[in-house]
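Hello,

Here is the structure I promised to hand over. Please have a look at it first, and then read on for what turned up in it.

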Number of protein chains: 6
Amino acid sequence: MRENMNKYLEKAEVLIEALPYIQRFNRKIIVVKYGGSAMVDGELKNNVIEDVTLLKLVGFKPIIVHGGGKEISRWVGKVGMEPKFINGLRVTDEETMEIAEMVLNKVNKELVTLVERLGVKAVGVSGKDGGLLKVDKKYSDGQDIGYVGEIKEVDPQILYDMLEKDFLPIVCPVGMDDEFHTYNINADDAACAIAKTMNAEKLAFLTDIEGVYKDYEDKDSLISELTIGEAEQLISDGNIGGGMLPKLGNCIDAIRSGVSRVHIMDGRIPHCLLLEIFTNKGIGTAIIGEAESRYYHEK
Amino acid sequence: MRENMNKYLEKAEVLIEALPYIQRFNRKIIVVKYGGSAMVDGELKNNVIEDVTLLKLVGFKPIIVHGGGKEISRWVGKVGMEPKFINGLRVTDEETMEIAEMVLNKVNKELVTLVERLGVKAVGVSGKDGGLLKVDKKYSDGQDIGYVGEIKEVDPQILYDMLEKDFLPIVCPVGMDDEFHTYNINADDAACAIAKTMNAEKLAFLTDIEGVYKDYEDKDSLISELTIGEAEQLISDGNIGGGMLPKLGNCIDAIRSGVSRVHIMDGRIPHCLLLEIFTNKGIGTAIIGEAESRYYHEK
Amino acid sequence: MRENMNKYLEKAEVLIEALPYIQRFNRKIIVVKYGGSAMVDGELKNNVIEDVTLLKLVGFKPIIVHGGGKEISRWVGKVGMEPKFINGLRVTDEETMEIAEMVLNKVNKELVTLVERLGVKAVGVSGKDGGLLKVDKKYSDGQDIGYVGEIKEVDPQILYDMLEKDFLPIVCPVGMDDEFHTYNINADDAACAIAKTMNAEKLAFLTDIEGVYKDYEDKDSLISELTIGEAEQLISDGNIGGGMLPKLGNCIDAIRSGVSRVHIMDGRIPHCLLLEIFTNKGIGTAIIGEAESRYYHEK
Amino acid sequence: MRENMNKYLEKAEVLIEALPYIQRFNRKIIVVKYGGSAMVDGELKNNVIEDVTLLKLVGFKPIIVHGGGKEISRWVGKVGMEPKFINGLRVTDEETMEIAEMVLNKVNKELVTLVERLGVKAVGVSGKDGGLLKVDKKYSDGQDIGYVGEIKEVDPQILYDMLEKDFLPIVCPVGMDDEFHTYNINADDAACAIAKTMNAEKLAFLTDIEGVYKDYEDKDSLISELTIGEAEQLISDGNIGGGMLPKLGNCIDAIRSGVSRVHIMDGRIPHCLLLEIFTNKGIGTAIIGEAESRYYHEK
Amino acid sequence: MRENMNKYLEKAEVLIEALPYIQRFNRKIIVVKYGGSAMVDGELKNNVIEDVTLLKLVGFKPIIVHGGGKEISRWVGKVGMEPKFINGLRVTDEETMEIAEMVLNKVNKELVTLVERLGVKAVGVSGKDGGLLKVDKKYSDGQDIGYVGEIKEVDPQILYDMLEKDFLPIVCPVGMDDEFHTYNINADDAACAIAKTMNAEKLAFLTDIEGVYKDYEDKDSLISELTIGEAEQLISDGNIGGGMLPKLGNCIDAIRSGVSRVHIMDGRIPHCLLLEIFTNKGIGTAIIGEAESRYYHEK
Amino acid sequence: MRENMNKYLEKAEVLIEALPYIQRFNRKIIVVKYGGSAMVDGELKNNVIEDVTLLKLVGFKPIIVHGGGKEISRWVGKVGMEPKFINGLRVTDEETMEIAEMVLNKVNKELVTLVERLGVKAVGVSGKDGGLLKVDKKYSDGQDIGYVGEIKEVDPQILYDMLEKDFLPIVCPVGMDDEFHTYNINADDAACAIAKTMNAEKLAFLTDIEGVYKDYEDKDSLISELTIGEAEQLISDGNIGGGMLPKLGNCIDAIRSGVSRVHIMDGRIPHCLLLEIFTNKGIGTAIIGEAESRYYHEK
């Protein structure tokens, strides 16, 4: 029994370790961009949902913004169409948009199901509900790529209303332009715009990479904390490439607009969100303001 | 100018005529089951949305519950599957259910768009959000027809929350069973269950028939008002057939549970909802309780 | 039946036409100065009350400010006194003031009765209640004309309280000076002061003239929209005469203080308020700010 | 200075003496019927208003219901008519009613002025406002006496609203029948009906007599406390006469309906209300329920 | 790094394990009787306070009721008096009571300090504040033992007020009788009375024994779950002795009055509260109602 | 009887005299520093509590801040220690602090008892509760005098919370430093800091001197009203000595920070608080801002 008790004491210590973090984020808004592998693998999916639900239960106000690119491509294929991309952006004609909206809403309601199963009230909204996301048409180097939207305004009222009513809001990145046409939106952009507008405490990107590297080639050069000045330096030095470039741009943008801390973390690590938030183990890369350039975790 | 003025005075009279009805339904819940042709024809669709939006603006609390059967069949076909029905109920295997949920949510967000375009806040919810609709598996004469659900419980909290926050809720008839599997629900049933649980003042079915006939063969025998006793008599006399049978059953059920007045009306008549509610012209058939068997409109 | 249906469709169209206006003025304060013939003729009186009540029911916040000059004169005569005027202002000795207050309050409660009869909660207040209207003594070219007051302060709290409690407030233009003596107030001035203090969206004067004319002699020269600049030009050109001069001064004053739109309309036109607000037919003359000089109705 | 100090200490003792009474009536509704000489004499009038205002300021919720009979007669005379009474009830034809309503509202606003002058928010309402007092026509031994009303229903919402908004409501006893005709109401009846409907803690009648006498002829036989049983005995013994009979009936009725204590007191005694409520000196006659038959003041 | 990661994953699992418990007790009141060794040992003290603070932070509503017997004896000694006990109850003369109140309030504020240090708002109240605990004098077998009180009424308003304002209330077991004399109260009794009155979800006694034993002599016979029926059987069988008897009586009493679950646990086990509530490890003995006789932890 | 009546009329006049003062201070915060003889003499104690309770009942928001120096010394003696002072400040080692905290909390709860006995809800808080008083260590001319604190921050939330919940808060002057050590605080300083932070309308010091004298030697030179300019002049002229110096400093400080009026009054005069606040008799010395240098009482 004694050895057993030691195991339990360790458990208690983990909970106690979480105490200051629970306190710090009490009633704070945390936007979680949820995408990549963590949306495909069943167990990782459960992990993420458990994590976000726990955040909700201990008094935070998490908001999930999800993507769904792979699933869209699958359904585009199912109806016999060919997915088409320009500069990494999906060319979105009317029919593709119709499928994209259907698929994203399906994904949205699946996530609602998973949260509800854990006994927490969830509500899935698209950027159309309550006029949440208003967009302009986006061009790719001047080329028309169809119904791809650039966010021009966020009306967060519906999210505040849902949070007040104790729901966990799950947002699907679809919006409307001034003519009320439907547009697909990059989920990173949507998460960033929502976090900025609502003055979120945290914005976390769950992705398929470990974080930001000093040297993209050297996987041992992962950076755990990055001020926005350092981030801009890395960009201007040409050290940031591929999909990380716009993501890092979003991060810098969010910090400038008042978000306290942005995280890029590897969604393939089980419970990465919990570990980052509740333990002394930092996960991935944190982007922070100049003034806050002090270590959050005593690593 | 004088003759012009007469035209304007007539306009004023119409508005004044609406006054007592606006008053009577102030802050009352009105559930509108929206389906059939009125969902296909573009102009009729606009009409219905204008009508419901006007109800909202003058102080009522409308809730739309919509179907989407034809659109589901179209998409089932698109992916190369064959729609299958048993006793008029769609056999809904897992893949069909996936498509159905996608399509219904797409329809849902289209309606959200239309309402938002008129400047009124709308929110689309499925029966999964906030655990709104809980179902049991439904069998058709003992036959397994897949993910077709029978409503066993309505948790209306999410709808009350949305109404309090001044949204027009639009409900898509999808629900979950105790194991959190997704089920398709008949939209009439969903509308009726919601109206009953929320003690709606009115429940209106927009359909493709004029109303209830004394003699189904004789289109001149339309009944404008029917007590639930008379309705049961018609049923037991065998005068009610086809799709009207379950609909009338829903009507009787709703009245018994406290809804004041149920309407079956022809959605193909432009603005039928407004005409029924705001003018002295009754549309279609009204089903009422025994005690209330007095004429609502002075026809 | 078909021809009949057309009639009904026209009705629906009138209601739908009102939709954007209902939306625009939702929860906005509209002050209606009610005087002249529309207070004498029984049917016009009913019309005005129906109109204001409808504004209330569809979500606006109307406030009626009424006059009562003719009725005061009648009662002054009844007790054997002679009404006396200097420069169009009633010389108001103590006994006249006593009668004026009695008569105005009687008129006030009559209006309350008419609104209550339509099933809407009304409350009649005088400028004494809750210290609503505070006045200084007014002189006419230096002459003492007794208890005639000039508004020096509005304490609108009682009106906000009544609106919050869902009453339609009806204000009788009587106030107190710093010594708590009772004074008669010009109803146009009272309406204007209240509209200004409460940032009303609209201020409407129901009068016995059609509106403002370009040329006072030419009844065909009615102006439908007038910026405050144009209004001042008309005044300085000497084109405005008689009772219209102070009224137009009030209008300019109100617009300058933040009221969006002031209307001078002919209370003898049945339902002129409804027509002006809910239809594309503009009635009388609208005074607007420079910046807003665009047509409100698409005429 | 020392002798001076004693005077001040006595003052302090008076305030301290009031402490338990202030506590007992905190947030309780006290209806004061205000009539008779106390409404005519200028100084007594000020006394009464000071008293009621003090009740308001120390946390009670007083409501004044006033009469105005003498003033009505004076104005009926002024326009050359002859006041007419049957069995002590004013025969009220249409013109008399018009004058009565004018006069009562004038009296009402005078009281509002007096309260406002003391820095407390007052609002004058008639029984028409918010549908406060609904009446049936009253007959006197079968004779038609015109617009004299018998209260059939009190809708106290407007009074609750005013109290919530911290106003001192002053009620003028005029009401409407189902056809929305205006009626004069006996102020005692109005005060009693309001006290009953609102479950007032106290109902106080300020009158021109000292209270109830054991023997009407013997002015030394004043009764300070009377259970409703004793009151009924006095009535059946024929010891109660004249105007006291209906008043005592009102008292018994009020106690039966839940009012804790009814007072009949001599409004000619300066500050009788304060003395009764805040000191150990009981004034006039208190009518109480059987169960409460214990002395309130330790006399 | 990999082995490290395993450690972190275990941490995440502990947090996830807590999820259903956090959910179950969200906004529920949990009364913790805090006494014995856990109040003396510095580290245990910190443990208990951390545990209760964590309960607060994750959304529960804990209330601490503390004792202080040993400390009272120490101070009684310091002033040169001799502690005296009859049947285990402290004989409490006036001076002893004065010291007891001083000491208990000091202990109370020490606990306040410890909670505040963890960044959570605490408020220390005695049973006098807001009239929380009203007592009768208690006799020990008919003997007068001075100012020892038996709770006769709990007025929990002050605790509800503090909880609403987000404080962690810490209660010191001192109360007043009807004459407003001060009395010492047994802390177990106080905790039990408060838990009953406030319908607490849980009542936990932190003591110096492991729990209830089937056979008091056999330390291996600890019972982990006990229905109140079984508890009464144990008592009538004479298996319960010493201080456990009144404690178990309190437990049965609490369950009968609506508390869902009472725990007797060993305060010497670090973080026993957390372990009991958040992990699958049950600590000590749980007393439950008959109907709930199913295992809470899957051990 | 007549002569008796005169006595009662005088009583009424006292209450009426209080009317404007009740009005002026309605819902205003009044901080009362309670110390000196008035805390020792049983009857004076009752007087003060009655006065403050009356203030509460008539709508003010009093807060009591009490001292307890003499009682601390008594208990320090009881345990065989020697009280030690440097420059009038108690040297407070750890054990003395422990005793001081015990005694102050005991005094605190005694005052709670006295208020509760008058039927008003009281709550005793120390400066530790809710982190009300945060201190730095205070040195006396550079000398370490132990746990004597200087207030560096007031967090008044707990007092606002208690006032909102209708409690009369009683504050004991103990606080914590950043390391959460306990410190004794001068009660005058605590009262002043709380009054400043909460923008109290009034701050009253109950002391053992009559007030401020023009000439300290001449007891006839008591000053009834003093602007802060005059006060500073008196200080620089060397006319203020002893304990009055820091007190007057506190007064000036409070006025500068927005308190409207500070009173130094003789707590040995029965009901001095009531007399000062409710009658035309000014007690002691009032310190006021320059701009307000007009006589408050018409003496």
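Let me begin with one pair of residues: C:Val125 stands opposite C:Val171, which belongs to strand S8 of chain C. Before going further, please note that this is a predicted model, in which local features need pLDDT of at least 70 and side-chain atom pairs count only at pLDDT 80 or more, while totals for chains, interfaces and linings use all residues. Residues are numbered from 1 along each chain as its sequence is written, and chains are lettered from A and ligands numbered from 1 in the order in which they are written.

Now to the sheet around that pair. Strand S8 (residues 168–172) and S5 of chain C run parallel and are joined by five bridges. Both belong to an open sheet of eight strands in chain C, with mixed pairing and the order S5-S8-S2-S1-S11-S13-S14-S12. Strands S5 (122–126) and S12 (225–227) of chain C each have a single partner strand and stand at the edges, so one side of each lacks a neighbour in the sheet. From one strand to the next, the twist averages 20 degrees. As for terms, helices (H or I, at least four residues) and strands (E, at least two) are DSSP runs, numbered from the N terminus, and two strands pair if DSSP finds at least two bridges between them. The angles run from 0 to 180 degrees between N-to-C directions, with axes fitted as lines to C-alpha atoms.

Next, how chains E and A meet. The contact takes 27 residues from chain E and 26 residues from chain A, where two residues count as in contact if their C-beta atoms, placed from the backbone, lie within 7 Å. On the side of chain E that touches chain A, helices H1 (2–25), H2 (42–57) and H9 (272–278) of chain E each give two or more residues.

Chain E is superposed on chain A by a rotation of 180 degrees with 0.0 Å of shift along its axis (RMSD 0.1 Å), using least squares on the C-alpha atoms of residues with pLDDT of at least 70 in both. The two copies are therefore related as by a two-fold rotation axis. Both copies use the same surface, as 96% of the contact residues of chain E recur in chain A.

Finally, chains F and D: 26 residues of chain F are in contact with 26 residues of chain D. H1(F) gives the most to the side of chain F that touches chain D, with eleven residues.

Enjoy exploring it!
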